[in-house]
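Good morning, and thank you for joining. Please look at the sequence and the model before I go through a few of its parts.

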Amino acid sequence: MSASLEQTLAKGLAERQQQQLYRQRRTVASAQGAEIVVDGQRCLNFCSNDYLGLANHPKLIEAARLAADSYGVGSGASHLVCGHSTEHHALEEELAELTGRSRALLFSTGYMANLGAITALVGKGDFVFEDKLNHASLIDGGLLSGARFQRFLHNDVDALDKRLSRCADEGRKLVVVDGVFSMDGDIAPLPELAATCAKHDAWLMVDDAHGLGVLGGSGAGCADQYHLDQQQLPILMATLGKGLGSSGAFIAGSDELIETLIQFSRSYIYTTAMPPMVAAATRASIKLLSTESWRRGYLADLIAFFRRGAEQLGLDIMPSSTAIQPLLIGDAGKAMAYSRALQQRGFWVGAIRPPTVAAGSARLRITLTAAHSEEQVEQLLLALAEVAAADGRGELDHA
Ligand SMILES: *Cc1c(COP(=O)(O)O)cnc(C)c1O
């Protein structure tokens with residue numbers, strides 16, 4: 001007799017639980033911010049990607065409200081049918097200007113932008129090269145494309161160079177990396193990658209989900225920080241739901257790139273456009289990058305403050321200069337125990353486990369934002385030291 005759907009699934013779930021990899025959601029009853037209410041408990045939030053503290057900014061709320069008055073809520077259809085509003089169009093123009101690219105194209109999510117761009121650019125007979133630590137959406141896009149898929153050692157430009165040298169002349173070559181690696185916080189060696197791509201006639205695509213708004217003199221992200229123009233970095237992707245505090249994503253580049261995506265990118269074509277009010281809120285957020293540029297400087301100071309404190313306390317903070325400051329734990333169960341102990345003390349810090357990161361490299365993913373005060377960061381540091389000490393005495397609840 002064959003097992004029922006539920007029996008089969010229950011077995012997989014039990015296995016997941018046994019491996020300490022079971023994932024559970026917690027319910028938030030407030031807006032994003034340094035303090036949030038989760039499962040009825042007020043706590044300090046150190047796990048959001050709202051790096052600039054804009055997700056609940058009055059200007060974004062006002063822009064969304066005004067746009068809702070004119071456009072309603074739903075966009076009604078995909079961009080190619082009747083869902084492409086003047087708010088979307090203006091946002092695309094502003095994103096192109098911000099990033100110094102000819103054009104930009106909005107997608108409803110970053111996951112879809114990556115899937116849609118990679119599959120529109122390469123296919124059977126082509127090559128795609130990805131950093132081992134790339135975000136899941138980039139990996140999935142590479143696999144789905146049907147191109148020959150190779151992963152190279154993290155940030156190892158020589159390894160990439162060798163792989164590019166070995167591959168046949170025919171076929172397109174696409175190199176894809178995260179600008180800031182989402183679970184490690186380190187930055188890709190973009191100038192070297194761009195030079196290597198130029199040498200081998202390969203196209204470079206960078207996912208700047210964690211750099212946009214935060215990095216670079218004007219907040220335009222990693223391309224801005226390294227002064228990489230459209231020729232050096234022809235395919236620039238970033239998301240709007242992190243530093244910019246709204247939702248959605250875009251690809252920026254040449255007119256030919258954008259037209260190609262409009263024609264061939266299935267996750268662009270076959271999906272409903274984001275609500276115009278979200279586009280309007282994002283436009284407000286772009287304005288704040290210059291009118292409240294102090295947020296970037298303040299965040300940088302807070303990162304330095306956290307790192308100094310962590311080093312003084314002897315915490316095993318990974319090397320990162322960005323708002324993502326992971327504390328390596330190793331064992332998945334122990335990472336969960338750390339997260340629970342912090343939760344009991346009123347802090348929300350996410351434990352990141354396989355398969356999101358490699359086996360044996362589970363970690364606390366601590367994120368800092370411009371909404372945090374130095375006092376709140378100080379409180380986190382003390383709590384981390386307390387929990388680490390409890391772990392050292394073998395007192396951490398290992399449920
Ligand atoms: C968050 C993230 C995405 C996905 O973006 P969404 O808009 O949340 O779908 C893609 N790439 C990276 C590196 C990310 O961190």
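Predicted model: local features only at pLDDT ≥ 70, side-chain atom pairs only at ≥ 80, totals over all residues.

Residues are numbered from 1 along each chain as its sequence is written, and side-chain values use heavy atoms, with hydrogens and water left out.

The unreviewed UniProt entry places the feature "binding site" at G110, Y111, S182, H210 and T239; such annotations may be inferred rather than shown by experiment. These positions are spread over 130 residues of sequence, yet they cluster in space, with a largest C-alpha distance of 13.6 Å.

G110 lies in helix α5, residues 110–121, and T239 in strand β8, residues 235–239; helices (H or I, at least four residues) and strands (E, at least two) are DSSP runs, numbered from the N terminus. G110 counts as buried because its relative accessibility is 12%, where buried means under 20% relative accessible area with a 1.4 Å probe, protein chains only. T239, at 9%, is buried as well. Leaving out residues up to four places away in sequence, T239 touches G110, A209, L212, G248 and A249, contact meaning heavy atoms within 4.5 Å.

Turning to helix α4, we find E92 there. E92 is buried, at 8% relative accessibility. Beyond its neighbours within four places in sequence, E92 contacts H84, A104, L105 and L106.

Finally, the buried residues of α12 include P276 and L289, and their cover includes α2, α4 and α13.

Methods. Buried < 20%, exposed > 50% of the residue type's maximum accessible area, 1.4 Å probe, protein only.
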